[in-house]
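Subject: Handing over a structure, with notes on what was found

Dear colleague,

I am passing on to you the structure we spoke about, and below it you will find my notes. Please keep the structure open while you read, so that you can follow each residue as it comes up.

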Amino acid sequence: MSFAKRFEKIFRFLLPSPFAIALLLTIFSFGLYWLYADGPWLSRLGNSIDYWQEGLWNGPLLVFMVQMMLILVLGHTLALAKPVTLFVDWILSLSRDPAKNTALISFFTLSLAFVNWGLALVFGAVMARKAAENFSARGQVFNYGLLGAAGYSGLMVWHGGISGSAPIKATEPGHVQSLVHSETIQMPERIGWEETIFSPMNGSASLILLVLIPLLMYWLARKAPGQKEHIQAQNSSIESREHKGAEKLDHSPWFGLVIGLVILLIGFRSAWNSEGLNFLTPNFINLSLLALGLAFHGSLQKFLNALDDAIHGASGILLQFPLYFGIMGLMRDGGIIEAMSNYFSANSSAFSFPLWTFFSAGIINIFVPSGGGQWAIQGPVLLETAQTLGIPYGKAIMAMAYGDQLTNMLQPFWALPLLGITGLKARRIVPYTLLLMLLGAVVFLGVLMLF
């Protein structure tokens, strides 16, 4: 048995389900707080429960959960439309070789992730699913877990793209100053993209990964070719009976198209009135996915049939997102994350601080898998220390972004939409995403030390 196959077998045996991981992390977070906090044990117990519950039912985060569910469901619904199916088929037709298809999927997923992480997550999953369906129909041997990892690879570069939470927030006038409340430290009004996303350091890291990750995926597919699997093709059901009266509106091939185009125009009106690329928010993505889904399916009934097929994949998000919100509340309000950030900052030099920031961000992301939430918690300490040590703000921000995105390959939180679309288990993709994480760690540490 090859090393790649043994590696996959070990993780498939040892790794529990994403829901079990969320529960284990919750228990671990409670234990960590009780060890860290001072005071009588009964008081610590009460505080930990309060912090956890406040995070569990946090209003803005629950809104975010619904946004993520809609991205998954609407994206999957759009993927079942014939024009999208034809486009994905065209990409995958560039080669019928499973190894080359795996490399193609990772390349397109990475390219899309630099534009927007939500689109990359959905379409990476759709391409992986469609490739598996094609190989299954032809009776070919393929590695479905590796295809899934290729479709998920974009989440390791998203924070260095134009939808990255920390770089986007730093460009807002006055945002950086609002984070740091100090009479002795003067913060700039804003930190531009030329210092973060479009800096030579981030450009180098992005280009290197865009080349190396597809090559690694290709090599792994050669070393661990997988097996024959039966993957059922997903096609929305179509009724063939005659339609009468008001039913004709639901089945009209034009009504959905017209409504979709109108919604799309409404969405692009807000994009036109926004500054730069700030319009690329989850709300804009969902509105666009809804509009394109209606337009591409044509009839409302076809859209609803596809929606029924797609909605089953959102079940994992419904319970696991709130569990992570509870962990986030416990770690944040309990002061653990701030204490961790302060420790790394107090024991750093100008050379080591970006490296410590990178490692601490990776650890924090396991418990707080949200780039925006992590920036709100870690950002103030990061900016103050960068100014004190004379480190460029952009480099400090990207060090945090690199650590945050890297451990997405370990933390299955963001893989939930992909798992829902592909039908894969987390244990099938994690062996390969961990190898991606090791590659990413080498690249990110390298650019942080060289630039």
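In this predicted model, helix α5, which covers residues 82-92, packs against helix α7, which covers residues 117-138, at an angle of about 70 degrees, and their axes are 10 Å apart. Because an angle from 65 to 115 degrees counts as roughly perpendicular, α5 and α7 are described as roughly perpendicular to each other. On the α5 side the meeting residues are Val 84, Thr 85, Val 88, Asp 89, Ile 91 and Leu 92, and on the α7 side they are Phe 123, Val 126, Met 127, Lys 130, Ala 131 and Asn 134. When the residues of this contact between α5 and α7 are sorted by class, they divide into eight nonpolar, two polar and two charged.

If residues up to four places away in sequence are not counted, Asn 134 touches Asp 89 and Leu 92. Its C-alpha atom is also separated by 8.5 Å from that of Ala 233, although Asn 134 and Ala 233 are 99 residues apart along the chain.

A second pair of helices to find is α6 (residues 98-113) and α11 (residues 200-223), whose axes come within 8 Å and cross at roughly 155 degrees. That angle makes α6 roughly antiparallel to α11, since angles over 145 degrees are counted in that way. The crossing in which α6 passes α11 is right-handed. From α6 the contact takes in Ala 99, Lys 100, Thr 102, Ala 103, Ser 106, Phe 107, Leu 110 and Ser 111, while α11 brings Leu 209, Leu 210, Ile 213, Pro 214, Met 217, Tyr 218, Ala 221 and Arg 222. By class, eleven nonpolar, three polar and two charged residues make up this contact of α6 with α11.

Helix α11 also packs with α20, here at an angle of about 25 degrees and with the axes 10 Å apart. This makes α11 roughly parallel to α20, because angles under 35 degrees count as roughly parallel. Met 201, Asn 202 and Ala 205 of α11 make this contact with Lys 395, Met 398 and Tyr 402 of α20, and by class the contact has four nonpolar residues, one polar and one charged.

Staying with helix α20, which spans residues 393-406, you will find Asp 404 in it. Is Asp 404 buried or exposed? Its relative accessibility is 1%, and therefore Asp 404 counts as buried, the cut-off for that word being under 20%. Leaving out residues up to four places away in sequence, Asp 404 touches Trp 158, His 159, Ala 361, Gly 362, Asn 365, Ser 370, Gly 371 and Gln 374.

Glu 189 sits in the loop between α10 (175-179) and α11, and with a relative accessible area of 49% Glu 189 is partly exposed. Its contacts, again without residues up to four places away in sequence, are Glu 172, Pro 173, Gly 174, His 175, Val 176 and Gln 177. Of these, His 175 is 14 residues from Glu 189 in sequence and 7.3 Å from it in space, C-alpha to C-alpha.

Ala 376, in helix α19 (residues 371-389), counts as partly exposed at 48% relative accessibility. Ala 376 and Lys 169 are 207 residues apart in sequence, and 9.7 Å apart in space from C-alpha to C-alpha. Ala 339, in helix α17 (residues 336-346), also counts as partly exposed, at 27% relative accessibility. Ala 339 and Tyr 36 are 303 residues apart in sequence, with 9.5 Å between their C-alpha atoms.

Turning to the whole protein, it has 22 helices and zero strands, and buried residues make up 57% of its 451 residues. Among contacts with a separation of 6 or more, 81% are between residues 24 or more positions apart.

As for confidence, the protein averages a pLDDT of 82, and 87% of the residues score at least 70. Among its elements, helix α1 (residues 3-14) has the lowest mean pLDDT, 59, whereas α11 has the highest, 95.

With kind regards

How values were computed. Residues numbered from 1 in each chain as written. Predicted model: local features only at pLDDT ≥ 70, side-chain atom pairs only at ≥ 80, totals over all residues. Heavy atoms only, no water. Axes fitted to C-alpha atoms, helices over the stretch in contact; angles between N-to-C directions. Helix = DSSP H or I, 4+ residues; strand = E, 2+ residues; numbered from the N terminus. Left-handed = near helix turned anticlockwise from the far one by under 90°. Contact = heavy atoms within 4.5 Å. Nonpolar A, V, L, I, M, F, W, Y, C, P; charged D, E, K, R; others polar. pLDDT = per-residue confidence, 0-100. Buried < 20%, exposed > 50% of the residue type's maximum accessible area, 1.4 Å probe, protein only.
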